[in-house]
Amino acid sequence: MHKKFLYVLVGFAVLIGCEEAFFEEDQPNDPVANFEYLWQNFEERYALFDFKGINWNQVYTDYRPRISDQMSGDQLFEIMSEMLNLLKDGHTNLRSPIDISRYGPYLEAPPNYDAELMERNYLRN
């Protein structure tokens with residue numbers, strides 16, 4: 001019985017010491033923190049910066065000064081949408097309760113782009 005108690009006690013101490021491994025720290029929910037989180041996630045996970053010739057650090061330099069804790073959620077959403085649209089990636093969307101932002105390739109399509117053909121043959125339903 002004594003050994004069993006000791007194992008439980010050691011196990012409990014290990015779990016308490018590993019709290020950070022099991023529980024994420026609450027992130028602040030303000031415009032600056034949300035912008036930083038979005039930018040950093042793309043910095044770490046988006047694979048096409050070099051292929052597309054995008055200097056993501058320069059994007060940060062250009063967009064970060066436009067963010068303040070006093071701005072509205074709508075304003076933040078517009079700026080972050082604009083920033084992500086620089087990627088010209090139809091698979092990169094930003095969703096929020098207020099809106100959905102997506103890059104539509106047809107907005108900057110070449111003259112031979114036929115939206116009706118795409119809809120009829122590829123985008124049905």
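Two residues are in contact when heavy atoms of theirs lie within 4.5 Å. Among the contacts in this chain between residues at least 6 apart in sequence, 48% join residues at least 24 apart.

The structure is a predicted model, in which local features need pLDDT of at least 70 and side-chain atom pairs count only at pLDDT 80 or more, while totals for chains, interfaces and linings use all residues. Residues are numbered from 1 along each chain as its sequence is written, and side-chain values use heavy atoms, with hydrogens and water left out.

**Overall architecture**

The chain has seven helices and two strands. Both kinds of element are DSSP runs numbered from the N terminus: helices are H or I with at least four residues, and strands are E with at least two. From the N terminus on, the order is α-α-α-α-α-α-β-β-α. The accessible surface of the chain, computed by the Shrake-Rupley method with a 1.4 Å probe, comes to about 10200 Å², and 55% of this area belongs to carbon and sulfur atoms. Of the 125 residues, 24% count as buried. Buried means under 20% relative accessible area, exposed means over 50%, and partly exposed lies in between (1.4 Å probe, protein chains only).

**The nonpolar core**

A nonpolar core is a set of buried Ala, Val, Leu, Ile, Met, Phe, Trp, Tyr and Cys residues joined through side-chain atoms within 4.5 Å. The largest one here has 21 residues, and those with the most contacts inside it are Phe35, Phe42, Trp56, Met83, Leu84 and Leu87. Helix 3 (31-45), helix 5 (56-63) and helix 6 are the elements that give two or more residues to this core. Helix 6 gives the most, with six residues.

**Aromatic residues**

A pair of aromatic rings is described by the distance of the centres and the angle of the planes. Rings of Phe, Tyr and Trp (its six-membered ring) pair if their centres lie within 6.5 Å; planes under 30 degrees apart count as stacked, over 60 as edge-to-face and the rest as tilted.

| Pair | Centre distance | Plane angle | Class |
|---|---|---|---|
| Phe42 and Tyr46 | 5.8 Å | 45° | tilted |
| Phe49 and Trp56 | 4.8 Å | 25° | stacked |

Phe42 and Tyr46 are both buried. Phe49 is buried as well, with a relative accessible area of 9%, and Trp56 is buried at 3%. Leaving aside neighbours within four places in sequence, Trp56 is in contact with Trp39, Phe42, Glu43, Phe49, Met83, Leu84 and Leu87.

Leu87 lies in the loop between helix 6 and strand 1. Leu87 has a relative accessibility of 1% and therefore counts as buried. Apart from residues up to four places away in sequence, Leu87 touches Phe42, Tyr46, Phe49, Lys52, Ile54, Trp56 and Thr92. The C-alpha atoms of Leu87 and Leu48 are separated by 8.6 Å, although these residues are 39 apart along the chain.

Asp89 is placed in the loop between helix 6 (73-85) and strand 1 (93-95). With 10% relative accessibility, Asp89 also counts as buried. Its side chain makes a polar contact of 2.7 Å with the side chain of Tyr46. A polar contact is a pair of N or O atoms within 3.5 Å; within protein, one must be able to donate a hydrogen and the other to accept it, and residues adjacent in sequence count only if both atoms are side-chain atoms. Beyond its neighbours within four places in sequence, Asp89 is in contact with Tyr46, Leu48, Lys52 and Tyr103.
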